[in-house]
Amino acid sequence: MTPRSILVVRRDNIGDLVCTTPAIAALRQAFPDARLAALVNSYNADVLADNPHLDAVYAYTKLKHREAGQSAFGAVWARARLLHTIRRERFDVAILGKSSWDKHGLRLARQCGVARTIGFASPDSRARQPDVALPPPDLLIHEVEAVAQLLVPLGVKTSPGPLQVFPDVALAANAEARFAALGKRPRLALHLSAREATRRWPAERWIMLAHAAAYAGWGIVLFWSPGAADDPRHPGDDAFAAEIAAALQQIPFVACPTHGLRELVAAFSRCHAFVGADGGALHLAAAAGLPMVALFENSPLKTKHWYPWQIAHELLCGPEASVAGIEPERTILALSKLPKRELTSA
């Protein structure tokens with residue numbers, strides 16, 4: 001039976017939700033008249049800003065992401081009200097858009113009163129399973145491909161397309177005005193921030209790369225998450241970025257701290273290439289169409305499952321399970337092999 005309404009549940013991190021956007025596009029193509037919505041969280045919701053395939057985006061706040069002054073009770077009460085609102089929609093199907101058993105997503109879908117849930121089975125036979133429980137996927141395929149398997153029970157068997165984000169036009173124009181200081185040089189986005197310690201590249205290596213890229217004709221755009229490193233809710237990299245920026249005063253560069261995902265996506269849309277570590281920003285850059293040098297931990301579970309999807313890239317690993325050992329010289333060589341993205345007018 002053709003579903004009249006579909007709810008995609010993806011409640012984890014930024015990159016995870018970006019890697020679900022091909023499935024959302026495939027669902028819209030397969031079911032153009034269905035009501036299609038997503039249930040996400042306040043941390044990753046802006047990934048779906050202005051997504052034309054969705055009729056609604058529902059976002060709740062996890063306790064660890066609540067803003068200053070918001071009580072735990074207030075966050076829980078707001079979530080309960082949201083789930084009640086979704087319940088009134090009477091969705092036919094919920095897709096638990098994750099490449100493993102999604103205990104929390106399944107619970108949310110059931111609290112929303114969705115008639116049928118589709119997801120990957122738990123290896124624990126005693127655990128509560130989705131209504132349609134698929135065998136766990138091979139994690140040596142890409143996350144995009146794994147999530148695409150969840151559409152098969154609905155008869156959707158097309159190969160997944162590219163990652164998708166939709167830049168805000170006004171924010172993109174603001175970024176273009178900021179980057180005018182770089183003149184006609186192509187713009188290289190260097191994203192300094194990484195949540196995991198194993199994905200942080202040392203400052204001296206960023207500095208060496210920036211100088212070499214500037215010598216090769218690039219204009220440098222430094223991106224990072226603003227704020228203090230010890231902020232328990234949203235750790236930032238102001239001090240780290242300041243150390244790097246201080247060493248770049250003799251080359252053409254623009255400092256670009258971004259205070260939200262929409263600002264980051266818009267600024268990426270006005271750059272020509274990207275260098276950064278595995279994480280949410282890397283997948284946003286891929287969705288924005290940026291050829292890239294991707295710095296990865298030396299692990300097949302990382303490089304085979306989270307590589308930049310359907311975008312020109314050079315993937316580099318260090319000798320250990322950390323990006324810190326990746327030499328700047330390798331990164332500079334990899335950068336020289338990238339095509340430069342063509343920009344349309346802002």
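# Exercises on helix packing and burial

The buried residues of helix H2 are covered by elements that include strand E1 (5-9), helix H1 (14-18), E2, strand E4 (93-96) and H5. Helices (H or I, at least four residues) and strands (E, at least two) are DSSP runs, numbered from the N terminus. The model is predicted, so that local features need pLDDT of at least 70 and side-chain atom pairs count only at pLDDT 80 or more, while totals for chains, interfaces and linings use all residues. Residues are numbered from 1 along each chain as its sequence is written, and side-chain values use heavy atoms, with hydrogens and water left out.

## Exercise on burial

Determine which residues of H2 are buried, and state why H2 is described as largely enclosed.

Solution. Begin with the term: buried means under 20% relative accessible area, exposed over 50%, and partly exposed in between (1.4 Å probe, protein chains only). Next, list the buried residues of H2, which are Thr21, Pro22, Ala23, Ile24, Ala25, Ala26, Leu27 and Arg28. Helix H2 spans residues 21-30, and because eight of its ten residues are buried, it is largely enclosed by the rest of the structure.

## Exercise on a helix pair

Describe how H6 and H9 cross, and classify the residues of their contact.

Solution. Axes are lines fitted to C-alpha atoms, for helices over the stretch in contact, and angles run from 0 to 180 degrees between N-to-C directions. The axes of H6 and helix H9 (residues 261-268) come within 8 Å and cross at roughly 55 degrees. Therefore H6 is oblique to H9; angles under 35 degrees count as roughly parallel, over 145 as roughly antiparallel, 65 to 115 as roughly perpendicular and the rest as oblique. The crossing of H6 and H9 is right-handed; a crossing has this hand if the near helix is turned clockwise from the far one by less than a right angle, and is left-handed if anticlockwise.

Next, identify the contact (heavy atoms within 4.5 Å). Helix H6 contributes Leu171, Ala172, Ala175, Arg178 and Phe179, and H9 contributes Arg262, Glu263, Ala266 and Ala267. By class, there are six nonpolar, no polar and three charged residues in the contact of H6 with H9. Here Ala, Val, Leu, Ile, Met, Phe, Trp, Tyr, Cys and Pro count as nonpolar, Asp, Glu, Lys and Arg as charged, and the others, Gly among them, as polar.

## Exercise on the core

State which residues touch the most other members of the largest nonpolar core, and which helix gives the most to this core.

Solution. A nonpolar core is a set of buried Ala, Val, Leu, Ile, Met, Phe, Trp, Tyr and Cys residues joined through side-chain atoms within 4.5 Å. The largest has 62 residues, and Leu27, Leu154, Phe179, Phe223, Phe268 and Leu284 touch the most other members. Helix H10 (residues 280-287) gives the most to this core, with six residues. Leu284 touches Ile14, Val18, Val47, Val165, Leu261, Leu264, Val265 and Phe268, not counting residues up to four places away in sequence.

## Exercise on loop residues

Locate Lys157 and Asp50, and decide whether each is buried, partly exposed or exposed.

Solution. Lys157 is found in the loop between helix H5 (143-148) and helix H6 (169-179). With a relative accessible area of 66%, Lys157 is exposed. Asp50 is found in the loop between strand E2 (35-41) and strand E3 (56-60). Its relative accessible area is 47%, so Asp50 is partly exposed. Finally, the phi of Asp50 is near 65 degrees, a positive value in a residue other than glycine.
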